[in-house]
Amino acid sequence: MFKIITHWTVAAITALLLLFAHYQDSAVVETLRLKQFDLLQQQDVPQISEDIGVVAIDEASIAKFGQWPWKRDVLAEIIWQLREQGAGVIVLPIIMSEEDRLGGDMDLAQALVDNAVVIAQTGSTEVNRNGVPRGVAKIGDPLPYLYEWDGMLGPIPLLGDNAPGVGVVNTTPEIDGVVRRVPLIMRIGDETYPAIAVEVIRVATGAPSYQIKSSVAGVEKVRIPGYPIVSTDANARIWLRYNKEFETVSAASGDFTNFAGRTVIIAPTAAGTTTMVATPVGEKYSFIPAAITLQTMIDGDQITRPWWGNISEITATGLLGLLLVVLARFTPYWAVGGAILVFAGGAVYAPYYAWTTKLFLIDGTMPLITTVITGFHAVFNRFVLEFFQKQQIKKQFGTYVNPTVVEKLQKDPSLIKLGGEEKVLSCVMTDMRNFTGLGESYGADVEGFTRTINGYMTAITEPVMANDGTIIKYIGDASMHIHGAPLDDEHHARSAVQTALDMIKACEGFNQDLAKEGKPPVGLGAGVNTGKILVGNIGSEKKLGYDCLGDPVSVAARLESQTKSYGVLLIVGPDTVALTKNDFDWFELDNIAVKGKEKPLRIYAVHKSGKAHKTFLKNYYTGNWDRAIKDAEHCSAVHPKMQEYYAKMIERLSSGCPIDWDGIYRATSK
């Protein structure tokens, strides 16, 4: 189960799930996208509008003209003042669906006639009264794509019939309640109703109506004759750019000369007289979206959500996620970390660049989220998998290789060839001498004997570790280890021979401890051989172990068993000697066919040879055994450390040379 959840494909599944979530465009994904668009808008530097001014019905105005709502002749008077002071189109984004209880409707109606004033109506789900539709020239059929209301609540007929323009003030908040887009045209049944900003431009240009173009993909453009074409989304909406601020004058001042030639919005701002709406840059008065819509249409610097935006964003989400999975699988951690930083930086910078240079709205949130989540998931999976892999390596090798070797294997597990591989290695087999005598000295003290054997094994293992060998197994009082795996060692033959010598020396040191306890000494016999060996995790499906197999291993065991026959502690095979001829002094012992083998081996001990020994071997191999006996007696004095070897050979030679002697001694025991 652990291997499954930490496999690199699980991170790939995470990437695909995030891609699917992006494609599904859930409420969460949409909200994140819109919030990122808000961040872009918040980078804008505010600018004071030169086209639109606001006459505020503020606290000072209420103090002057009385409580709100006023008698409508007050609004009429403000309209006349604005007109006298040169204002352009005048906008009253105030719903006047009921008659003025104070009787000022006629005065306001007279102020509206031919005075370039646009008043308000609002879409409603409850009533449909006094709505003022506006004719539209259609290219295609836009109606299925327009925002639709159940009804329209318009101004009283006296005002609606006399106002040059009547526009809708409804906003259409996004899923999170923020007003970012406003539809330019809405519908009730087959009737179309323009937003108040559209009506302002229509009135300003004197056009009787407007035009709308649609296709099978929805609405594409809205045009007011005499004014540049406005591109919209499929639902006739435009994005609002909230970087404009509007010069505001209190209605109480009466001095509106700064608004000469400008469109003027008369709107309540006093506490309790208006509502607030959420925008990308914070809460604003409810008339501000209409003002921003108008300013956006005037400026022509429209925010655009390009048609290719969604496709490119989904593609980026998929590619970045899967690419990170591949990088986390096959490249170093620093490369993955760098890729995460680069991809995340690109997901942040690309939308910012598109916004600042083209006013394009590009969504980088899902590519960013996918980069972070998939990247860290893939890295985490790899880290956990490698951590447990290192623990497994430590568990598997920690007790029988040098800690330095374990550390190297942990850093690069690929050095371990799982399942086994053939390599030219050197194998060392050892066996304790006088095991029986040592055991008898302990009598019934099995625990003490076990402790001593463990001490012996510890003593002979230390040289193996020091020379970066790998303990394969302990078999009672015997041991087997190799050099050249799992880490490569180009000098494995030399390491094997030196380790065997060090093990013999360690055994001598161990005997000193035995002597202190009054126990008999032990010895160590070793065989070293080199050849092509199968090494790796070998075993059954349920239990694997690091082991080695091959004829060279068997030969090493046979060589070790022959040490007693030749009176030496170490016998080395010819392939090992060939690789170390300049590292040690080699003393040829015999040409032997070990038990179970037909092909003979020249076997060696580590000792300096001489002319006398070579003469001995010549007579021995050629069958001149009588002469060889005399040579051996002479060599025994020349090579005192090899006296036991020569004694063994004299004993063999004394039996006489076999009739079929071919220079090969064939061992009859293992």
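**Labels and their cut-offs**

Guide: Helix H9 gives the largest share of the lining of the largest cavity, 3 residues. This is a predicted model, in which local features need pLDDT of at least 70, side-chain atom pairs count only at pLDDT 80 or more, and totals for chains, interfaces and linings use all residues. Residues are numbered from 1 along each chain as its sequence is written, and side-chain values use heavy atoms, with hydrogens and water left out.

Visitor: What makes a space a cavity, and what makes it a pocket?

Guide: On a 1 Å grid over the protein atoms alone, a cavity is a set of points where a 1.4 Å probe fits but cannot get out, while a pocket is an open set with protein on both sides within 12 Å along at least five of seven lines; lining residues have an atom within 4 Å of a point. The structure holds 3 cavities of 30 Å³ or more, and the largest cavity has about 70 Å³ of space. Its lining includes Val168, Ser286 and Pro289. The second largest pocket has a volume of about 680 Å³. Of its 28 lining residues, Asp233, Ala234, Arg305, Pro306 and Trp307 are the closest to its centre. A volume is the space filled by probe spheres set on the points, which are joined across faces, edges and corners.

Visitor: Why is tryptophan 307 called exposed?

Guide: Exposed means over 50% relative accessible area, buried under 20%, and partly exposed in between (1.4 Å probe, protein chains only). Tryptophan 307 has 73% relative accessibility, so it counts as exposed. Its place is in the loop between helix H9 (288-299) and helix H10 (309-330).

Visitor: Why does alanine 459 count as buried?

Guide: Alanine 459 has 16% relative accessibility and therefore counts as buried. Its place is in helix H15 (residues 446-466); helices (H or I, at least four residues) and strands (E, at least two) are DSSP runs, numbered from the N terminus.

Visitor: What makes E4 and E13 edge strands?

Guide: The open sheet of 4 strands has the order E4-E11-E12-E13, with mixed pairing. Strand E4 (136-139) and strand E13 (230-231) each have a single partner strand, so one side of each is left without a neighbour in the sheet.

Visitor: How do you know that E12 and E13 pair?

Guide: Two strands pair if DSSP finds at least two bridges between them. Strand E12 (residues 218-223) is joined to E13 by 2 bridges, and they run antiparallel, so the pair meets the cut-off. The bridge partner of valine 222 in E13 is valine 230.
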